[in-house]
Every structure is written in structure tokens, then in C-alpha cells.
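Morning, everyone. I have one structure to walk through today. Please have a look at it before I start.

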2 protein chains.
Amino acid sequence: MELDERKKKILKAIIANYLETGEPVGSRTISKYTDTDLSLSSATIRNEMADLEEMGYIVQPHTSAGRIPTDKGYRFYVDSLMEEKVDVEEEKSSLLERVDRMELLLKQVAKVLACNTNYATMVTAPKYRKTVKFIQLSKVDADNLLAVIVVDGNIIKNKMIVVNTELDNEDVLKFNILLNTFLQGASLEDINLEMIQMMKTQSGEYAPILEDIFSGIVDAIHDANELEIYTSGATNILKYPELGDISKTSELLEKFEDKSELSHLIEETTNKADGTGIQVYIGEEAPVQDMKDCSIVTATYKMPEGAEGTIGILGPKRMDYKKVVSTLKNLTIELDEIFKKSKGVNNDG
Amino acid sequence: MELDERKKKILKAIIANYLETGEPVGSRTISKYTDTDLSLSSATIRNEMADLEEMGYIVQPHTSAGRIPTDKGYRFYVDSLMEEKVDVEEEKSSLLERVDRMELLLKQVAKVLACNTNYATMVTAPKYRKTVKFIQLSKVDADNLLAVIVVDGNIIKNKMIVVNTELDNEDVLKFNILLNTFLQGASLEDINLEMIQMMKTQSGEYAPILEDIFSGIVDAIHDANELEIYTSGATNILKYPELGDISKTSELLEKFEDKSELSHLIEETTNKADGTGIQVYIGEEAPVQDMKDCSIVTATYKMPEGAEGTIGILGPKRMDYKKVVSTLKNLTIELDEIFKKSKGVNNDG
DNA sequence: ATTAGCACTCATTAAATACGAGTGCTAATC
DNA sequence: GATTAGCACTCGTATTTAATGAGTGCTAAT
């Protein structure tokens, strides 16, 4: 059965009210509700509510209580009922101060977002197939070589390599040329045994040293490929006692501190990304166990080169979806612009 | 008035019992306590307890309850009563896997410690006056220079520098020589206007570019000097409901997430470091507000070069001091050894 | 189709009661 | 004089009971 116009209005009123107060909302409250032009007695509302409950949009926590939305109710609200907050062009310019390092920028995004919304937030660095742009080997002291690897997107990784053979500057220069010849433009997958073999033959007497250097470099590239996640405002979760008892909440917090679970979540979301880039997971829909009592909203931002990163918000089901969605939209736009402008935000180690 | 032997025994029994159970301990419990050779009736214990209370070592939460230790009681316990756990040479070797990067090592220390003790932990990187060991400038692409700065202790910092003048490899080489000549061995404080002026005169036509490069390098050194703090197990705090209500606890958690407050704490402790390197702050003794309901135990570890770092544990006053102190002692010893062995743990960005 | 009215449910709160762990004190005992 | 048995007393916690009131479902009137 489809919802008629009046039922929609009532459902919307119920949810709006519940989001605001957190209390189950009763028929009398709705009948006095002025925001919509409904003027019906509580009895009528009660009948409609009974229908809505039968259809699964709302439930009563107990017999003599008002109604609260079900996951289905929230879903309908998010999809069809909630009109997004019009962007009042709030001083969004002041949201982010200029920062030149990717890492700091993203940390700040997480922080600002957590601060503005009072929910827990997470931000991932953009993910893409990273290729080597430049390698620089330098001799730091007698037995340490420093390898600096710059990969696409100006992410820089360093690796100290211990060598036990004395090398002079000539040698290092040779290595530099050799490494750059072979590795420039290569991605992690390109570096295979054959390539290593080829380089070894070319390096002649230095082959054994090359071994060490190589493994160091591979490590570093591997490192650069790792999905970094920045979180903030985890403690905001404690502000919503409806998320169950402390033990549940603290488990959730641990997940948040650990981050490894989060990457799972993030990957899930990137797979499902649709046109708008905004996704809402309500309760059971969440791809991660332990978050069934929460809602998660994620957004995808893009770098000009096509790399994508994710911004996510975790909060109670009773979340200000309107605000969250519009905030996320603005933020991704802002990020897109930042990346467009400064075409190479640096990631200095 | 001094505590006689019997009072000491009783106090120790009370505290030991309270640490274990978390419940106020009554006279009957102590009279039945078998660990000590006390065999006294509860009435006698009651009299002694009244004395101990008068002297301020214990209190009753309410009239008809047993006694719990006061801060003074804990202090006496830690200073004089508690004999430290004998190191049973538990498989401490397995505590830390080998990691080559300082940052990862310290993160792991925090994690392992939190995991072993079930308290919140924090670890700072060793702090010392960092001097430049080596600088390498490389041309990454047309308008980006990469500055790699290695400071004492093999901490590596990178900085992308945007230049708008076309530079060839010759030029970069010149810069490298110039920078290293002046900056090797210099600390942040050494780099002053005079030095900059001198370098500018030497760099001739390139003076304006040098400006940019310089500010980048100063940034990086500054960065290297920042006191980094790694935390773990913050959520463990939630396991101790005696730390007051959620709102208090969550404030504490926020402090922990923020870390800036923690550095204050850490600095306090390094100032007071005594011979053993272990310090215990009980309740009111804590140098940071908001932690008055907790106890904090810190330990100092040393690198061969003399640099010192701090490991700290935050938990309820009812903390297993014995275990914590001995764990920290072992850990600092282990860390000292690791640093001694691999004389240059790397800090790759 | 809407609404007024009423009986009913049930979470929440407050008050009343019981329980028991533990104390302090006194008088008897070693 | 130190120790202990015994007992009255305190007070936090748990349990019971009753009162309150928000909100419902249903029925009959509009």
C-alpha cells in the first residue's frame, strides 16, 4: 500500500519531532503540531498512526507510549520526506584554514566536522593506484642510505637502509640513475621478480646491496598504498545514551580507536557510491556489526586526478540527517575545490 | 604518630583487599584474612581501623560501610608497603616485535601496554635538542623541489617547496652544498637572521629562491622538534565506573583524544624525574585538573645519546600499582636495550 | 470520515518497608 | 592492659506497594 499525502505528512511530523526531542511522540503532540497545515484531532491521528505502525514505519516502545520511527521509517524520511537544508552560504570559507599537507588537512576536516556536528567522524585519504614519480638515494653516513620515494600525488616516503659495504658518492649516483630508470612510473604491482632480476644484472657487482635497497623501497611504496584513516570526535558517541549501555558504546569506541574495522566500512561505501556521492546507512543497513544501533552517513570527494576519498559520520539513528547531509555536501565541494586549486597538496612525511 | 607494625599490616591488608575487590573492606574481612599472620578478632581490627581513620589513611564512604584508602593511604602503600612483584622473567621478549621505525615502535609500546594493563597509556618520543645531520634538495618536477632533512636520531622530515624559477640540476647541486655547509650540525635555535643573511649573500642571484627554501626547511625542523604523543587504550577508562559519571569520564576521554593537555602532564613529570625514573601520582597529586580521580604512573626511558622519553599510564586510583610499576620498569629496560642495540632506530616519515 | 469520550495499559516516580553489612561501645575475659 | 564477645545503632541497597499520568484503542455520536 502506498502512503497517501496525509500519512506522509504525519510520518514526517512524527520523525521531525522525534529527531528534535528524542521522546516517543504521541497523537496529541501531532494534532497540535503547527508546522504542517494538518488540523485533525488526536483520535484521527491515532488511527493514522495505527496504520503507519501496521505498515512498519513506526513502533511503540511500549503499550502506553508514543511512536518512534523504525529503520524503515527513517529510510523513507531520508529518501522522500526530508527536504535538504538550503545552503544559506554560511561562512563556509572559515571552515578550513589553509594547510599545505594532505595529512593535516584531512585531520582538520575530521576535527571540524566532529566539532560542527557533534558526531564521530572519519576521513580517509584519497585512494588510487600509486606510481613512483621519483626516487632519491642519499648517503647519510657511513652505513646508512636514505631512500626518498615520491609517488603520484606528491606523497613522500622515507626509508633508512643499512648497508655494510662502503659506498662512495659515485656509487650512489649510479644507483639513483638505475633506480629511476626502472622504477619511474611503476606501481607496486609492476615491481616483480623479473624487474628485480633485470636490475640486478645491470648493477653488476653491486647486486647484493641492491637487494637491501630494493626491499626498503618496496616497503615504502607499500606504505604509501596503505589506506590511512583519520578520526575525530569519537567521544561524541558517549553523548547519546540511546546507543545502549556503556559496554556496547565502549566497544564501539574501541572499534573507532582501532580503525582497522573502519577501513572495512569505508571500502564497503566506496563500492556502492552512487551519483551524489552521499550515502546513508540506517541501523541494520550498516555494513559493520556493532553499529546496528547507529546511522552512518558517508560522502565521497574527488581529486582532479580521479582519486577518491571518503568522509564519514557516525551518530545515533536519531541524527540530524538534514544537517549532516548538507554539511557533508558542502564539505566535499569545498575539498574538491581545494584540490583543484592547489593542484598538488603535499604529503610531507 | 608513627604506624606500628600491626597497623601497617592491617593497612596493607585493607588496601590489598580493596585493590582486588573494589568494595569497602570491613573488619571481619580483615580478621579472616589469611595472607598475613594476624589473628585478631574483628573487634580489635575495628579499634585499629578507627585509629587508622583518625590518622587519615582510610575513610568510610558512609557510616555503615567498611573502609577504603585515602590518597594518603595509597601514598603510604606505594612508598612503603607494596613490595614490588618479583620479575618472573615472563616472556617479556615477546612483548615487542621488532619494528624499525621509531614511530611504529612507540605506537606499539602504547598498544601493548594498554592491552596488558587495561589502563589508558601514553608514550612520548624522546626529546632532545635536534641538530641537522644532512639535507638533500631534489628536483621533483618543473616547479617542485623536495627538501629532505635528516636530524639527529635519524628523524626524517620532508617538505615540498614550490619554486617559480626554472632551476637546472646544477643549481640544485649548488644549493645542496650551500645548505649543508651552513646547516649541518645546527639546531633550530642556531638558525637566525644572521645566518640567513650570510647564506643569501653567498647565493647571489638565487637569494629570493633561497627564501622559500629556507622557510620550508625551518618548518621541517620545527616539525621534528614537536613533542609527539602516542596514546592507546583510552577506552579502558570506561571500564572503571568509579571514575565518576559518564560526563566526567567523557571529558577525560576528550582530553586523551586531544593530546595537547597530555603534553603538559608529560612535561611536568620529566621535570620531577628522580633516580628510578618511575613516578606515581595519586588523585589530587596529579598535575592536571580533571584527573583528580585517577592515578598516573610514569616512567622515563633513555636513549644512548641521552634523550629521554616518557611512558605513562592513567587508571583509577584503585590501580594495581605493583603490576603497573613492575611492567613499566621492565618496559623501560627493554626499550633502553632496543635503543642500545640498534643504535639508530629510524624515523621514516 | 471525523471526533469526543472512556476504559485500559504500563513506564516512571515516590513512599514504605525490609534487609544486612558494618560500626562503635561496653563489659567480660585472658 | 590488651583482646574479645555481644549488642544496639546507622545507613545504603533492594523490594514492595501505591500513585501518577501520558498515551493508546475502541466505540458511539456527529
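I'll go through the domains, the DNA surfaces, a helix pair, a sheet and the chain contact. One caution: this is a predicted model.

Domains come up first. Chain A splits into domain 1 (5–81), domain 2 (92–127 + 227–341) and domain 3 (132–225). Note that domain 2 of chain A is written as two segments, 92–127 and 227–341. The C-alpha centres of domain 1 and domain 2 of chain A are 29 Å apart. Between these two domains, 7 residues of domain 1 of chain A touch 9 residues of domain 2 of chain A. Which elements give two or more residues to the domain 1 side? They are α1 (5–21) and α4 (71–81) of chain A. The top contributor is α4(A), with 4 residues. By class, that side of domain 1 of chain A has 4 nonpolar, 1 polar and 2 charged residues.

Two or more residues each come from α3 of chain A, and from α2 (27–31) and α3 of chain B. Here α3(B) gives the most, with 4 residues. The surface near DNA strand C divides into 6 nonpolar, 10 polar and 3 charged residues.

On to strand D. How many residues surround DNA strand D? The number is 19. Closest are Gly26(A), Ser27(A), His62(B), Thr63(B) and Ser64(B). At least two residues each come from α2 (27–31) and α3 (42–54) of chain A, and from α3 of chain B. This time α3(A) gives the most, with 4 residues. By class, the surface near DNA strand D has 6 nonpolar, 10 polar and 3 charged residues.

Next, a helix pair in chain B. Helix α1 (residues 5–21) packs on helix α3 (residues 42–54) at about 90°, with axes 10 Å apart. The two helices, α1(B) and α3(B), are therefore roughly perpendicular. From α1(B), the contact uses Arg6(B), Lys7(B), Ile10(B) and Leu11(B). From α3(B), it uses Ile45(B), Glu48(B), Asp51(B) and Leu52(B). By class, that contact has 4 nonpolar, no polar and 4 charged residues.

Now the sheet in chain B. It is open, with 3 strands in the order β4-β5-β6, and the pairing is antiparallel. Which strands are at the edges? They are β4 and β6 of chain B, each pairing on one side only. The twist averages 20° from one strand to the next. A total of 8 bridges join β4(B) to β5(B). For one position to look at, find Leu137(B), which stands opposite Ala147(B) in β5(B). Helix α8 (residues 207–225) of chain B lies across β4, β5 and β6 of chain B. Relative to β6(B), α8 runs at about 150°.

Last, the contact between the chains. It takes 27 residues from chain B and 27 residues from chain A. On the chain B side, the sheet strands come back: β4 (132–141), β5 (144–151) and β6 (155–162) each supply at least two residues, as does α9 (246–258). By class, the chain B side has 11 nonpolar, 10 polar and 6 charged residues.

That's the tour. Over to you for discussion.

Conventions
Residues are numbered from 1 along each chain as its sequence is written. Chains are lettered from A and ligands numbered from 1 in the order in which they are written. This is a predicted model: local features need pLDDT of at least 70, side-chain atom pairs count only at pLDDT 80 or more; totals for chains, interfaces and linings use all residues. Axes are lines fitted to C-alpha atoms, for helices over the stretch in contact, and angles run from 0 to 180 degrees between N-to-C directions. Angles under 35 degrees count as roughly parallel, over 145 as roughly antiparallel, 65 to 115 as roughly perpendicular and the rest as oblique. Ala, Val, Leu, Ile, Met, Phe, Trp, Tyr, Cys and Pro count as nonpolar, Asp, Glu, Lys and Arg as charged, and the others, Gly among them, as polar. A residue is near a molecule or strand if its C-beta atom, placed from the backbone, lies within 6 Å of it. Two strands pair if DSSP finds at least two bridges between them. Domain bounds come from an automatic or database domain assignment.
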